[in-house]
Amino acid sequence: MLDKLNSLFDDFKSKIESLETQADVLNLKSSVLGKKGSLSEILKSLKDASVEVKKQVGPVSNQMKGQIEKLVQSKLNDIEVKAVNAKLAKDKIDYTLTDDILEKGLQAAGLHPVTQIQREIEDIFISMGFDVLDGPHIEDDWHNFEALNIPETHPARDMQDTFWFKDMKHLLRTHTSTIQVRGMESKKPPFKFVGPGKVFRCERTDATHEMCFHQLEGMMVGKDITVGNLIYFMKTLLKEIFKKDMEVRLRPGYFPFVEPGFELDIRWKKPDPKKGESEHSGWLELLPCGMVHPEVLKAGGIDPNEYNGFAFGLGLDRLVMVKYAIEDIRHLHSGDLRFNEQFKTF
Ligand code: DAH
């Protein structure tokens, strides 16, 4: 009987080795250990054997059963590991970047239209003697509100739905006007700079609103700066962007950090995507601006009796939309290559 058991075990071992699927392994297992399996049959026949034989065969068969179960388990694991590895090998991503891949990538890629317009405007201002400043996305209350003449209880805080951090002291900047404060803190007048970047508002998104968008702040501080200076720089900017002289008008607008504050409108013929420029012309609100409020200068450590200045905040996404007649701001963040590829320039 021991011989029978040994040959059964050898047979099992040679069979299981060649199996490749978990189902086949489980079938083999039940053909040996199942109710009518070969080992079970041998054990059943033990009942007629002598006590001597029972004593000899009993422990061996139990041990064999345990070994068979172990072999089955490890074979099942092997098959699983093999399958996972095969899948990983198949889905493998090649991270090596060779010159030809880079070349192809560059041909397919391009700068986002907002980045393009931001760089274009930076260049225009640099050519007019402005510096380009940066500021952090995570700001404190002082730079986003307080120093801009928006104290805690001021209703103007409600104009901007803010993402606050848990400490209620830090926030995602709601506008690039924070860069005005940082600029005043780091520079001695006279100075002029622009500060582009992302801003964040807790907005419900729709065709004209996004939670994250882009602005470009501008500030000029010196002696005897006038609204005339403001209009000159804005008209020069618009001429460069739209490649022609633009008619502008100023309307009163309220922002706590400027006094007087304005909305600058441009005379605009709405481009018709099919026919080019349409005949319909009207005023389009483009850019809020104004003369820097004396309290803001003070907060920036500048004596308002000695210096004054102007500031403006340009919405870059909006400008791109106006320039290219894009009807929905959500296209800009969609990551849809069919959209992005229309603005490919190098
Ligand atoms: N920070 C304002 C906003 O996001 C825009 C703005 C208005 C900026 C007037 C200015 C300004 O510099 O003078 O709503």
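Predicted model: local features only at pLDDT ≥ 70, side-chain atom pairs only at ≥ 80, totals over all residues.

Trainee: How many bridges join β4 to strand β5?

Mentor: Helices (H or I, at least four residues) and strands (E, at least two) are DSSP runs, numbered from the N terminus. Two strands pair if DSSP finds at least two bridges between them. Strand β5 covers residues 212-222 and runs antiparallel to β4; the number of bridges joining them is 10.

Trainee: Which residue in β4 is the bridge partner of Asp131?

Mentor: Strand β1 (residues 131-132) runs parallel to β4, and two bridges join them. In β4, the partner of Asp131 is Phe193.

Trainee: How many of the 10 residues of strand β4 are buried?

Mentor: Buried means under 20% relative accessible area, exposed over 50%, and partly exposed in between (1.4 Å probe, protein chains only). Strand β4 spans residues 191-200 and is largely enclosed by the rest of the structure, because the number of its residues that are buried is eight.

Trainee: What is the angle between the planes of Phe125 and Phe130?

Mentor: Rings of Phe, Tyr and Trp (its six-membered ring) pair if their centres lie within 6.5 Å; planes under 30 degrees apart count as stacked, over 60 as edge-to-face and the rest as tilted. Phe125 is buried at 0% relative accessible area, and Phe130 is buried at 3%. Their pair is edge-to-face, with 4.8 Å centre to centre and an angle between the planes of 65°.

Trainee: Which residue lies over the face of Phe130?

Mentor: A charge sits over a ring if NZ of Lys or CZ of Arg is within 6 Å of the ring centre and within 35 degrees of the ring normal. At 5.8 Å from the ring centre of Phe130, the residue is Lys192.

Trainee: What is the omega of the cis peptide bond that joins Pro189 and Pro190?

Mentor: Pro190 is found in the loop between α8 (178-186) and β4. For the cis bond joining Pro189 to Pro190, omega is about 5°.

Key. Residues numbered from 1 in each chain as written. Heavy atoms only, no water.
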